[in-house]
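Here are a few exercises to work through with the model open beside you. Try each task before you read its solution.

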Amino acid sequence: MEEIVSTEQAPLSIDVTLPREDVALVTVKGFLDVDTGTELHHHLANQMHHGRRHLLLDLSAVPFMDSSGINIILKAYKETRRVEGSVRLIDPAPAVQRILDLTGVSLTVPSAKSLDEALAETGDATDRP
C-alpha cells in the first residue's frame, strides 16, 4: 500500500480592514514563507498604493515565518518610512516573535499586544511633525 504524504501547508489567509482612513489592518493566518510571501507583499503594496501610510500586521495566527516573511516586513517598513508612515506588528505568535528577536527585526519594527494598543501608537506617530 502506497502512503501519500502531503507537503502542502496551511494556505495563507489575508484579511484587510481599514480602522482609519490612513491605516490598514492586515490579518495574516497560516504559514508565511517563500511559497506564500508574495501574496502578503502584494496586499501590502496595494494598501500603500491606495494611500494607507500605516500598516498594522496581525501575526497572531502565523505559526511559522521564514526569511521571506522577514524581508516582506522590512520592505514594508522601509516603504512606509518614505511616506512618514509606520509598520506595527500585532501579537506575533511565539515562534514568530522568536524569529523577530533572533534576527533583530523586533528592534526595528515595533510590536503591540492588541489592535487598540497598535492604533494608539500609530496615532502618536501621525501626530509628529
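Two strands pair if DSSP finds at least two bridges between them. Helices (H or I, at least four residues) and strands (E, at least two) are DSSP runs, numbered from the N terminus. This is a predicted model, in which local features need pLDDT of at least 70 and side-chain atom pairs count only at pLDDT 80 or more, while totals for chains, interfaces and linings use all residues. Residues are numbered from 1 along each chain as its sequence is written, and side-chain values use heavy atoms, with hydrogens and water left out.

**Exercise 1.** Work out in what order the strands form the sheet.

Solution. Begin with the order: five strands make an open sheet, E1-E2-E3-E4-E5, with mixed pairing. Next, look at the edges: strand E1 (13–20) and strand E5 (111–112) each have a single partner strand, so one side of each is left without a neighbour in the sheet.

**Exercise 2.** Find the sense in which E2 pairs with E1 and with E3.

Solution. Start with E1 and E2, which form a hairpin with two residues between them. Their pairing is antiparallel, over six bridges, and Ile 14 has Val 28 in E2 as its bridge partner. Now turn to E3: strand E2 (residues 23–29) pairs with strand E3 (residues 54–61) in the parallel sense over six bridges. Here Leu 25 stands opposite Leu 56 in E3.

**Exercise 3.** Is Val 23 buried or exposed, and which residues is Val 23 in contact with?

Solution. First place the residue: Val 23 lies in strand E2. Then check accessibility, where buried means under 20% relative accessible area, exposed over 50%, and partly exposed in between (1.4 Å probe, protein chains only). Val 23 has 0% relative accessibility, so it counts as buried. Finally, list contacts (heavy atoms within 4.5 Å). Leaving aside neighbours within four places in sequence, Val 23 touches Thr 17, Leu 18, Arg 52, His 54, Leu 56, Leu 119 and Thr 122. From Val 23 to Leu 56 is 7.3 Å, C-alpha to C-alpha, although they are 33 residues apart in sequence.

**Exercise 4.** How many aromatic pairs does a search of the whole structure find?

Solution. Rings of Phe, Tyr and Trp (its six-membered ring) pair if their centres lie within 6.5 Å; planes under 30 degrees apart count as stacked, over 60 as edge-to-face and the rest as tilted. The search finds one pair. The rings of Phe 31 and Phe 64 have centres 6.0 Å apart and planes at 45°, so the pair is tilted.
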